[in-house]
Structure formats: C-alpha cells, structure tokens
Amino acid sequence: MCGIVGYTGFQDAYDIVINGLRRLEYRGYDSAGIVLESTNNKFEVEKTKGKVDDLVNISSQLKGTAKIGMGHTRWATHGVPSDRNSHPHLSNNGKIALVHNGIIENYDTIKTMLTEKGFTFKSETDTEVLVNLIQYFMDINSDTDFPTAVRYALNEVYGAYAITVLHEDYPGVLVVGRLGSPLAIGIGEKEYFIASDASPFVEFTKEAIYLEEGHMATISLEKGVDIRTINDNSKIEPEIQELKLSLEQIEKGGYEHFMLKEIFEQPKSIHDTMRGRLLVDEGVIKMAGIWDHVERFKNANRIIIIACGTSWHAGLIGEYLIEEYARIPVEVEYASEFRYRNPIITDKDVVIAISQSGETADTMAALKLAKEKGAFIYGICNVVDSSIARITDAGSYTHAGPEIGVASTKAFTAQLTILTLIAFKLGKHNGNLGNADFMSLIAELDAIPKKIEEVLNTTHELVQNIAKDFVNATNFLYLGRGYNYPAALEGALKLKEISYIHAEGYPAAEMKHGPIALIDENMPIVIIAPKKGHYDKIVSNVQEIKARKGKVIAVVNKGDQQVSAMADYVIEIPETSECFSPIVASVPLQLLAYYIAVYRGANVDQPRNLAKSVTVE
Ligand code: F6R
C-alpha cells in the first residue's frame, strides 16, 4: 500500500528516488511522483497517474543536481488514481511537501476545519489535508518550527501512516513519522535514505533504523537522525540494525517476472525455512518460539489462526495439520471478521497470526484485540521485524526471502512448512504423534524441497502448454478434498488475481450442492486428486464432472490410472503423505495461473487493483 522513498546526501537524488520507487512498486502502482529540492531551496514536483515509467517520461530540471528529494508510488485509497491525487502533495503556501502511506481516518473533520480557516484543496486525498494541517500549525504560531508542526499535526490525526515531509524554509531537513505503516532509515556515509522497506538502499548501506510505532525523526546531514515520540516528544536512542537483505534477492535474476522467480525459488525457500529447525538425524524439531512456550500451547483450550488471503488459506491447512497431529482444536478466522465480531477469547487461547508482510492492517488489529483479551499471540511472518512480528509474544519467521510478486507463492509454501513443523513438534511433545510416525514424517518433510524441484522440472513445460488452451476461459472451478480443499482455494485465488478470470475453489464434495449447475463443456475444472486423500471419492467427483462434459485438469500422483483416464489434462506430481500434498500440488497450480496470465498479456507482478501489503482496512 504505497511506497515511500526519501534521500539526502551527495548523490543525484533523482536517480536514488526513481530507482527506489521501482523497487517499491510492488506496494502500489497506480500513480507515482517525486519532489526535488533545488540548490536555492525551491521545490520541483512531478507526478502522474500511472507507473514509475510514466513518471520518468516527464522531464526534470533538477535531475543531476538535486541532492535531496522524495518520491511516492501510490495504491489509491481516497480519490481515484489521477495526476491530482498523486503524491507528493503541497501545502497551500507551496512550502511543505508530503508523501504518505496509510489512511487518515478523521481527514474529513480536519478538512472541514481547515476549509473554514480558508484552506483550499486540489485533490480528494487525506494526505493533502495532513500537509495543510502542518502549515496551519506553523501559521498560527510563528514560533512553531517545522518538526514541531509535523508532530502537532500527527497528534491530531488517527488512522495509519508513514510520512516523509520536506519544507522549503528548512533546506536539507527531512521529517518522517510512522504509525501502523513501516518506514526504514538507511544510514550511509554522509547520506541518509528513507524507504518503506530497505530494498531502495540496500546497495548503498547495510545499516538501518526501523522507525518504531508512534515515533518520528528529523533527519539532516548536519544533525544526523533525531528520533522522538510523537505523543510527548521524548528523545529516543536510535537502534541501528544490520541489514541481511542482498541485492540479488530483490532482482529478477534472469526470470521474466518476480512471480516466476519466486515459484522456482521454492525448493530453496522451503529448505531455508526448515534450516536449523528440522534436524532429521537427531530426530528433533528445534523451534525456540514454540519450545519456550510449549506449555501455553499444550494447555491451550484452542488455537485460533487469524490471517487474510493466501495466508488464510495456509491457516486452513494449519488447522488440518494441528488437529490431526497435535489433537489441539483449531479455528481459522479471517482477521477482518474476527476483529469486528466481538469474538470470545480467553487467556487460555493461543492465537496464531500468519502474514507474509507482517503489515496487514486487519491481521494486526485482530492480534491487538486478542492480546488485549489475554490470549498468547504467536506470529508466522516472512518480513523480519515487521509490525506483526514485533507485537507477538513469540513467533517463527518463514525465511522465504523477499517476495516481490504481488501474488504470493513461496511465502505460502513456507507458511505451510512452518505450520507442519509446529504440528509435528506439538504432536510429538503432547504424545499424540508417536516416535516412529514422527521420524518417518520428518524424513519425508526433509525431502519435500527435492520433490518440489522434481515438480518444477517435470511440469513446467507441460503446464505452459495446458495454459495456452485456457487463455480465453471466463470461469474456472478448483476442487480438492481434505488438505487439498484449501489448496484448491489458493489455486483459484492465484488465477483470479493475476489473470482476472473468475475462479472459485470448493471442497470437491460440495460441488453437488450448487456449483455443479455451472458445469458444461465450457467449464474448466482443476481437480487435485492425489492417491492419499479420499481418492475413491474424488474419482466419483470426476465422473460426475465428465458426465456433464466439464473439462478436467487433474493433478494426480505419478502412475495414476483412474482419474487420469477420465481427465482431459493430467499433471503428475510425486506421491507424498496426505499432509504434504498441498505444498507439492500448489506448485503446478501457481505455474498454471502464471502462464494463463502471461498469455493473456496481464501484468503478472503488478495485477490491477492489488498491492502487496494491505496496510488499510
Ligand atoms: C494473494 C495475496 C494476498 C495476501 C493477503 C495477506 O496472493 O498475496 O491474499 O495473502 O493480502 O497478506 P499478508 O500475508 O502479508 O498478511
């Protein structure tokens, strides 16, 4: 949800900001803008509806000379994507420029107040209200300096924000603040970078400060970084962290899209997620986050998993895993529903939040609610030090590496890996998973990266060919049973979000309770039918589909006979225990969605209307 980049130093600010925005475009990409400060302290603002490439087409007088500037790539909340609504926004006096990620919920009340005081607005955004509120605080008291005015303004607003602000009368000074949206400050030699994540500055410095919730900072080459609390201006000692991110991780590495690269990274990302945790030779799973709190899990009345989207699908598979192997009751909830439905939560509950980004606003709010009610909260996040990771009592990182394609792939299978480890660990500990079964399951889990590699090698070309036949499809059904029902939901989500083809996932047996009415010779049906997992029942479901002339694309185990004989297209995957089949089966479904989208000419990494981190409700 919107990307922010800022810079002050000795390099060309234009280049730093534009290149940084390109790296943050996964966060939002309906408009882009930049403001540069000239050597005689005047702003040049360029902004446009569209992508960073469209912004680059507008010529900049200050390219090559400005040493300070900031930019923004937008995912529209208030007001349609348009030149006017793009950031940066300027205050009425033209002296203050602001870029913002998040939502100011009380912007309307403030706008009315400012309008009554004579302020006018060019855009429909909440951001323009905030920049004028800063001006207002400086107007009403000439003793109020720029950082103080920003602080006053932030104390008046509620909602979520990460902001960066410049003032023409304060040359070389960047003021930043955050609440609910991330912001990192990169510390270079005689230069500072600001960004929504560290990717824009990773090649320039390995040192960064992740601004904490409710903090702001005033940054200048002269005075360094001065961090304060927004509510009472208390000084905070900066905590400088060393970045683990490498440039290679955030580049496409020869792949056409990040999504394809990330699909192919899965053998490694699953392996990395298990590394140091799954010790097959010693017959143990080491997970400090679980082990240090194992009694909380063991004595839990129930585990509630909260998440959104793909992470919610991982949660559904987590329910199957934990209930089967640890015999602890699990409920899975959409974070957005959980937070508003007055759920019953006690201090005997364990709440697991799953979030790739660790930023999702609904998941964050649901977690806070669970925490207030005394539940033990556990996080499964991919982004290290993200907001969700920080507020949980304990957690496990997925170590999938940066996921840049908007459609989640490797983060999903890494989430499944962590949930599998948790289920096995808890089951072993509470005696529901006997030693022999535990040993054989962990050996199988250890071999999953190899199986994924095999799937990638054997299905890649085949799936490309299948995809060609469905470029003009308008609907798809995805069916699976047991562990593969959530895998079917995930397959359908992948297809719809990147190809814009309508797709529904269903438990295969539910088909006859409604969706069967949709089936005719034009309806493609992807059915996940591994040997282990209600195979006979799936065979009957395929028969029911074929009796109505539906086109079946079956994901089956190698050597399968019955389903393969009936299916129109067959994708073979290696056989596994049922609990591992969603990890393996998801890979060809990701490839199918990817190639259908590519053949339809869609922008796979930046699908319309979506953004990677959903930091608004
Ligand atoms: C789909 C997708 C989204 C996210 C959802 C939650 O491919 O990526 O559905 O899974 O927005 O995001 P996180 O996991 O970051 O909380």
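Which residue in E10 does Gly6 stand opposite? Gly6 faces Ile194 there. Before I go further, some conventions. Residues are numbered from 1 along each chain as its sequence is written, and this is a predicted model, where local features need pLDDT of at least 70, side-chain atom pairs count only at pLDDT 80 or more, and totals for chains, interfaces and linings use all residues. Side-chain values use heavy atoms, with hydrogens and water left out.

First, the overall picture. The protein chain has 20 helices and 27 strands; helices (H or I, at least four residues) and strands (E, at least two) are DSSP runs, numbered from the N terminus. A compact globule of 617 residues would have a radius of gyration near 25 Å, and the chain's 26 Å agrees with that. That radius is taken over C-alpha atoms, and the globule rule is 2.2 Å times the number of residues to the power 0.38. Along the principal axes, the C-alpha atoms fill a box of roughly 80 × 55 × 45 Å.

Buried residues make up 61% of the 617, where buried means under 20% relative accessible area, exposed over 50%, and partly exposed in between (1.4 Å probe, protein chains only). Of the contacts with a separation of 6 or more, 71% are between residues 24 or more positions apart; contact means heavy atoms within 4.5 Å.

Now the sheet. It is open, has eight strands in the order E3-E2-E4-E1-E10-E9-E11-E15, and its pairing is antiparallel. Two strands pair if DSSP finds at least two bridges between them. At the edges are E3 (43–49) and E15 (241–242), each of which pairs on one side only.

Strand E1, residues 3–8, pairs with E4, residues 68–74, over six bridges in the antiparallel sense. Within that pair, Val5 has Gly71 as its bridge partner. E1 is also joined to E10 by four bridges, again antiparallel.

Is E10 enclosed or open to the outside? Five of the five residues of E10, 191–195, are buried, so the strand is largely enclosed by the rest of the structure. Both of its faces are covered, with Glu191, Phe193 and Ala195 buried on one side and Tyr192 and Ile194 on the other. E10 also pairs with E9, residues 184–188, in the antiparallel sense over five bridges, and there Ala184 has Ala195 as its partner. The hairpin of E9 and E10 has two residues between the strands, and Lys190 takes a positive phi near 55°.

Next, the helices. Seven of the nine residues of H7, 266–274, are buried, so that helix is largely enclosed as well. The buried ones are Gln266, Pro267, Ser269, Ile270, Asp272, Thr273 and Met274. Their cover includes H6 (258–264), H14, H15 (435–446), H16 (448–468) and H20 (581–599), along with strand E16 (278–279). After H7 comes Gly276, with a positive phi near 80°.

H14, residues 410–429, is where Phe412 sits. Phe412 counts as buried, because its relative accessibility is 0%. Which residues does Phe412 touch, not counting those up to four places away in sequence? They are Thr310, His313, Ala314, Ile317, Glu490 and Ser586. His313 and Phe412 are 99 residues apart in sequence, with 8.4 Å from C-alpha to C-alpha.

That is what I had.
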